[in-house]
Amino acid sequence: MTYAPPRAAVLAGIGSWLPPDVLTNAQLEAELDTSDEWIRTRTGIASRHRVMPGTSTSELAVEAGRRALKSSQSDAVDAVVLATSTPDELCPATAPDVASRLGLGQVAAFDVSAVCAGFVYGLGTAAGLIAAGIAERVLLIGAEAFTSLVDPGDRTTAAIFGDGAGAVVLRAGDVDEPGAIRSLVLGSDGRGNHLLHVPAGGARQREQTETASRFLQLQGREIFRHAVRHMGASCREATARAGWELSDVDRLVAHQANARITKSLGDALGVPPGKRASNIERVGNTAAASVPVLLDEDNSSGALTEGQRVLITAFGGGLAWGAATLVWPVLHSVA
Ligand code: UT7
């Protein structure tokens with residue numbers, strides 16, 4: 001699916017929030033049959049943030065959303081799109097509660113579920129609302145309490161995933177403006193559904209026949225292979241649709257799943273290491289929050305600057321993936 005906007009969605013604000021509690025590799029080493037060395041060399045992760053009992057996705061989403069609204073210098077939005085695979089409840093969506101708690105009134109609000117590709121799917125959804133004239137301004141949040149899906153005794157998933165939230169405000173504008181989403185591609189392949197899933201708790205398997213079925217089950221090696229392939233192909237398509245060469249890209253902002261995935265992707269695309277954004281060492285894999293948290297951190301640190309050509313990409317369960325391009329605008333950072 002591709003995106004060719006009659007009026008574009010333009011980035012107008014950004015913010016993020018990570019819960020204060022940090023889980024280090026040393027702590028995991030003490031609890032599980034793993035080592036700091038294995039986790040660092042196989043994933044690039046040294047620590048991750050996690051929610052404590054009593055904190056859920058909506059709290060993270062509100063914190064990030066508040067910062068993005070402040071950054072955009074306006075609280076006026078027509079819609080809240082929340083990309084998450086860890087909603088507060090199975091039903092209803094979490095977005096209306098987030099919108100209310102942000103004091104946004106009776107705006108349209110709904111969740112988008114595409115796991116680690118959630119933010120890119122959310123970008124497509126927000127851009128569609130704007131292109132159709134349904135909304136002038138949209139608050140898009142990627143938020144996850146992903147550790148709530150992780151079996152604390154599973155050394156593989158416990159080492160990878162973390163919690164957090166990132167958000168952007170998008171406004172209607174022109175495709176040639178800085179900040180405008182210039183191209184966006186999305187894809188999926190449901191044949192890989194079983195490679196990353198939580199078997200129980202949905203309509204198919206309502207009862208938990210075994211404790212493990214309520215936790216995330218990951219076939220890491222297979223997912224790794226698909227991630228590099230599909231992010232690579234969608235990056236090539238998104239840059240071509242923007243009228244760019246891959247060598248024009250100033251910053252590759254890829255979903256933070258594994259430092260080795262980002263390396264393989266960057267190498268395959270010919271984007272040199274200095275142009276690859278990364279925070280996986282401190283943040284781990286935060287699913288739908290991963291890309292907007294990274295964008296916000298890079299904007300605050302000055303790694304992302306006005307006029308840079310930015311290529312965003314993500315891949316995850318579903319399987320689902322996507323990529324988008326934009327020229328980075330001036331955005332206020334909010335601590
Ligand atoms: O966000 C999108 C979705 N997620 C991803 O994209 C994740 C993609 N996959 C990956 O990042 C990697 O495949 C993993 C990090 C999940 C696993 O790394 P790997 O290098 O592919 O390891 P593996 O699954 O092939 O396992 C190799 C060995 C196994 O032991 P045996 O069977 O060879 O004895 C695992 O049991 O490493 C073992 N292992 C660990 N050892 C120490 C797995 N996790 C750990 C661990 N500590 N935390």
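In which sense do strand E4 and E5 pair, and over how many bridges? In this predicted model, strand E4, residues 79-83, pairs with E5 in the parallel sense over 5 bridges. One of the residue pairs can be named: Ala83 has Val112 in E5 as its bridge partner.

These two strands belong to an open sheet of 5 strands with mixed pairing, and the order across the sheet is E1-E7-E6-E4-E5. Strand E1 (8-17) and strand E5 (108-112) stand at the edges; each has a single partner strand, so one side of each is left without a neighbour in the sheet. From one strand to the next, the twist averages 20°. Strands of a sheet pair through backbone hydrogen bonds, in either a parallel or an antiparallel arrangement.

Two helices that pack on the sheet can be described next. Helix H3, residues 57-72, touches E1, E4, strand E6 (137-144) and strand E7 (164-173), and its direction makes about 125° with that of E1. Helix H10, residues 290-301, also packs on the sheet, where it touches E1, E6 and E7; the direction of H10 makes about 85° with that of E1.

Helix H3 can be followed in more detail. With 16 residues at 1.5 Å a residue, H3 should span 22 Å, and its end C-alpha atoms are 22 Å apart, which agrees. The helix is mostly covered, since 12 of its 16 residues are buried. Among them are Leu60, Ala61, Val62, Leu69 and Arg67. The buried residues of H3 pack against E1, E4, E6 and E7, and also against helix H4 (95-101). After H3 comes Gln73, whose phi is positive, near 60°.

What does the side chain of Arg67 contact through polar atoms? The partner is the side chain of Glu63, in a polar contact of 2.9 Å.

Leaving aside residues up to four places away in sequence, Arg67 touches Ile14, Gly15, Ser16 and Trp17, as well as Val334 and Ala335.

Key:
Residues are numbered from 1 along each chain as its sequence is written. This is a predicted model: local features need pLDDT of at least 70, side-chain atom pairs count only at pLDDT 80 or more; totals for chains, interfaces and linings use all residues. Side-chain values use heavy atoms; hydrogens and water are left out. Two strands pair if DSSP finds at least two bridges between them. Helices (H or I, at least four residues) and strands (E, at least two) are DSSP runs, numbered from the N terminus. Axes are lines fitted to C-alpha atoms, for helices over the stretch in contact, and angles run from 0 to 180 degrees between N-to-C directions. Contact means heavy atoms within 4.5 Å. A polar contact is a pair of N or O atoms within 3.5 Å; within protein, one must be able to donate a hydrogen and the other to accept it, and residues adjacent in sequence count only if both atoms are side-chain atoms. The expected span of a helix is 1.5 Å times one less than its number of residues. Buried means under 20% relative accessible area, exposed over 50%, partly exposed in between (1.4 Å probe, protein chains only).
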